[in-house]
2 protein chains.
Amino acid sequence: MPHAHTHSLEDNLSAAAQWCAKRGEKLTEQRREVLALLLSAPGSVKAYDLLAAIQKQKPTAAPPTVYRALDFLVAAGLAHKLESKNAFVACCDFEHPHHGVMLICNQCHTVKELTDPVLEARLAEDAKAWGFSVAPQDIEVKGLCANCRHGDGEAQA
Amino acid sequence: MPHAHTHSLEDNLSAAAQWCAKRGEKLTEQRREVLALLLSAPGSVKAYDLLAAIQKQKPTAAPPTVYRALDFLVAAGLAHKLESKNAFVACCDFEHPHHGVMLICNQCHTVKELTDPVLEARLAEDAKAWGFSVAPQDIEVKGLCANCRHGDGEAQA
DNA sequence: GGCGCTGATGTTATAACGTATCAAACATCT
DNA sequence: AGATGTTTGATACGTTATAACATCAGCGCC
C-alpha cells in the first residue's frame with residue numbers, strides 16, 4: 001500500500017529542497033516559505049493571501065515576491081496552479097511528476113489529485129478525432145468533497 | 001450528417017432571441033451586441049476587448065456593461081467562459097444545453113466544443129471513488145488545433 | 001394618468017489578480 | 001578581484017472583475 005503522506009512539514013520541506021537540488025535549483029528562503037504556507041493550508045490558497053502572510057514577517061514583500069516564488073514552485077512541480085480559481089496548492093507527490101485530475105471542492109477548497117491513464121487516453125483520442133493535440137496539463141474538476149457532501153464541511157480556507 | 005452551422009450571424013442572433021424568450025428572458029440590445037461580437041470572432045474574446053469594441057459605438061460603456069451581458073449569456077447557455085484564459089466564447093449549440101470538453105488552441109485561440117458521455121462517466125466514476133461528486137461544468141483542455149499543428153495557424157485573436 | 005413593481009442600464013469607484021522594469025545583493029567560477 | 005548568472009528589492013503599472021447606488025424603461029394595476 002502507498003505511503004500515507006504522514007510526513008511532517010519539515011520532512012516535506014527538506015524533501016523539496018533535495019528535489020530542487022537534484023534539478024540544479026535552489027529552494028531559497030522565500031520559496032521555502034511560500035511552499036510551507038501551501039503545505040500548511042487545508043486547501044488551495046490565493047496569491048494575495050500568501051502575500052499577506054509573508055508580509056507579517058517581512059512587511060516589504062510585494063506581489064512579485066510571491067508570484068516569483070509561485071512560478072518557481074509550479075515549474076519545479078512542487079505546486080499546482082488552479083486556473084479556474086486563481087489559486088495555488090502544494091503538489092501531493094512532487095517526486096513523481098504528473099498531470100492529472102484535480103478534484104476541487106467548491107465548499108472547503110480542498111483539492112484531491114488523481115491520475116487516470118484511461119481518462120487521459122480517452123481525452124486524447126477524442127481530441128485527435130478533430131485533429132487537436134492535447135498539451136500536458138491538469139484537468140480541473142469542481143464539485144463537493146466527501147466531507148462537504150455529508151454536511152460537516154465547515155468553510156475552511 | 002449533422003447540420004454544418006452555416007447559419008448567418010443574423011440567423012444565430014434571432015435564434016438566440018427566441019431561445020431567451022422561451023426562457024422568459026430578453027436578448028436586449030446590449031446582450032445582443034456582445035453575443036454578436038462573440039459569434040463574429042474567430043476564437044475566444046476577452047471582456048475588455050469586447051468593452052473596447054462596444055465603446056466605439058457607445059463611448060460611455062463601462063466594465064459592468066459588458067460583464068453583465070456576459071453573465072447573462074453564460075447563464076442562458078449562449079456563451080461559455082474559459083476560466084483558464086479569462087475569456088469568453090459563443091456556444092456552438094445553445095439549443096442543446098451541455099457541458100462538455102472545450103478544446104482550446106493555445107495558438108489561434110479557437111475553441112472546439114465536444115461532448116463525450118463515456119469520458120464524463122469515467123470522470124464521475126473516478127471522483128466517486130474518493131467520495132467526490134462532480135458538478136456540471138466544462139472541462140477545459142489546451143493544445144494545438146489541426147490548423148496550427150500544420151503550420152498555417154497564423155495568430156488571430 | 002399616475003403608482004409601484006421589476007428588470008435593465010448608467011456611473012463611479014474600487015477590489016482582486018498579475019507583470020514590467022530596473023537596480024541592488026548575492027553566489028559561483030576562474 | 002573581476003566576470004557572470006541568479007535571486008531579490010522596490011516602484012509602478014496593466015489587466016480582470018465587482019460593489020454600490022442612482023436612474024430608467026416597461027408593465028400591470030387601479
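In the predicted model, about 2,800 Å² is buried between chain A and chain B, and carbon and sulfur atoms account for 61% of this area. Four salt bridges are counted between chain A and chain B; one pairs B:E83 with A:K142, whose closest N and O atoms are 3.0 Å apart. Polar contacts link 14 residue pairs between chain A and chain B. Strand 5 of chain A and strand 6 (residues 139-144) of chain B run antiparallel and are joined by two bridges, with B:G143 in strand 6 of chain B as the bridge partner of A:V134.

DNA strand C is surrounded by 15 residues, the closest being A:K46, A:Y48, B:Q30, B:K58 and B:R68. By class, this surface has six nonpolar, four polar and five charged residues. Helix 4 (63-75) of chain A, helix 2 (29-40) of chain B and helix 4 (63-75) of chain B each supply at least two residues, and helix 4 of chain A gives the most, with three residues.

Among the atoms of DNA strand C within 4 Å of the protein, 51% belong to sugar or phosphate and the rest to bases. Phosphate oxygens of DNA strand C lie 2.9 Å from a polar side-chain atom of A:K81 and 3.2 Å from a side-chain N or O atom of A:N86. A base nitrogen of DNA strand C is 2.6 Å from a polar side-chain atom of B:R68.

Methods: Residues are numbered from 1 along each chain as its sequence is written. Chains are lettered from A and ligands numbered from 1 in the order in which they are written. This is a predicted model: local features need pLDDT of at least 70, side-chain atom pairs count only at pLDDT 80 or more; totals for chains, interfaces and linings use all residues. Side-chain values use heavy atoms; hydrogens and water are left out. A residue is near a molecule or strand if one of its heavy atoms lies within 4 Å of it. A polar contact is a pair of N or O atoms within 3.5 Å; within protein, one must be able to donate a hydrogen and the other to accept it, and residues adjacent in sequence count only if both atoms are side-chain atoms. Helices (H or I, at least four residues) and strands (E, at least two) are DSSP runs, numbered from the N terminus. Ala, Val, Leu, Ile, Met, Phe, Trp, Tyr, Cys and Pro count as nonpolar, Asp, Glu, Lys and Arg as charged, and the others, Gly among them, as polar. Buried area is the accessible area (1.4 Å probe) that two parts lose on being put together, summed over both. A salt bridge is a side-chain nitrogen of Lys or Arg within 4 Å of a carboxyl oxygen of Asp or Glu. Two strands pair if DSSP finds at least two bridges between them.
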